[in-house]
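Have a look at the model first, then read on.

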Amino acid sequence: MSKKSGPLNKAEKFYLDNNNDTSLEELAEDLNRSEKVINTYLKSTNKLQSSNTHTVGNLMGSLWIEADMFGK
């Protein structure tokens, strides 16, 4: 089965916007799109995850560590 072509539709964009923790490969497979199209969209919306991206889990973990360090 060939990959879809053309611009992403609203449903695909919604899916990408709400699945930030999913790998590029999985997103492309789920939407039957090329990784290049997915990557381009994620870059344009600044949703592409980098190693410096803060998540709620990372931030909450930092708060717990600080609380332990200062006895709060």
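Which residue with a positive phi follows α3? That's Asn46, and its phi is near 60°. Before we go on, keep in mind that this is a predicted model, where local features need pLDDT of at least 70, side-chain atom pairs count only at pLDDT 80 or more, and totals for chains, interfaces and linings use all residues. Residues are numbered from 1 along each chain as its sequence is written, and side-chain values use heavy atoms, with hydrogens and water left out.

Now for α3 itself, which spans residues 35-44; a helix here is a DSSP run of H or I with at least four residues, numbered from the N terminus. Ile38, Tyr41 and Leu42 of α3 are buried (under 20% relative accessible area with a 1.4 Å probe, protein chains only; exposed means over 50%). These residues sit on the same side of α3 because they cover an arc of only 95° around the axis, judged by the directions from the helix axis to the C-beta atoms. Turned away from that buried side is a face with the exposed residues Lys36, Lys43 and Ser44.

So what covers the buried residues of α3? The cover includes α1 and α2 (24-31), counting heavy atoms within 4.5 Å as contact. From α1, Lys13, Leu16 and Asp17 meet Ile38, Tyr41 and Leu42 in α3.

Finally, the geometry: the axes of α1 (residues 10-17) and α3 come within 11 Å and cross at roughly 70°, with each axis a line fitted to C-alpha atoms over the stretch in contact, and angles running from 0 to 180 degrees between N-to-C directions. That makes α1 roughly perpendicular to α3, a label for angles of 65 to 115 degrees.

Key
Helices (H or I, at least four residues) and strands (E, at least two) are DSSP runs, numbered from the N terminus. Angles under 35 degrees count as roughly parallel, over 145 as roughly antiparallel, 65 to 115 as roughly perpendicular and the rest as oblique.
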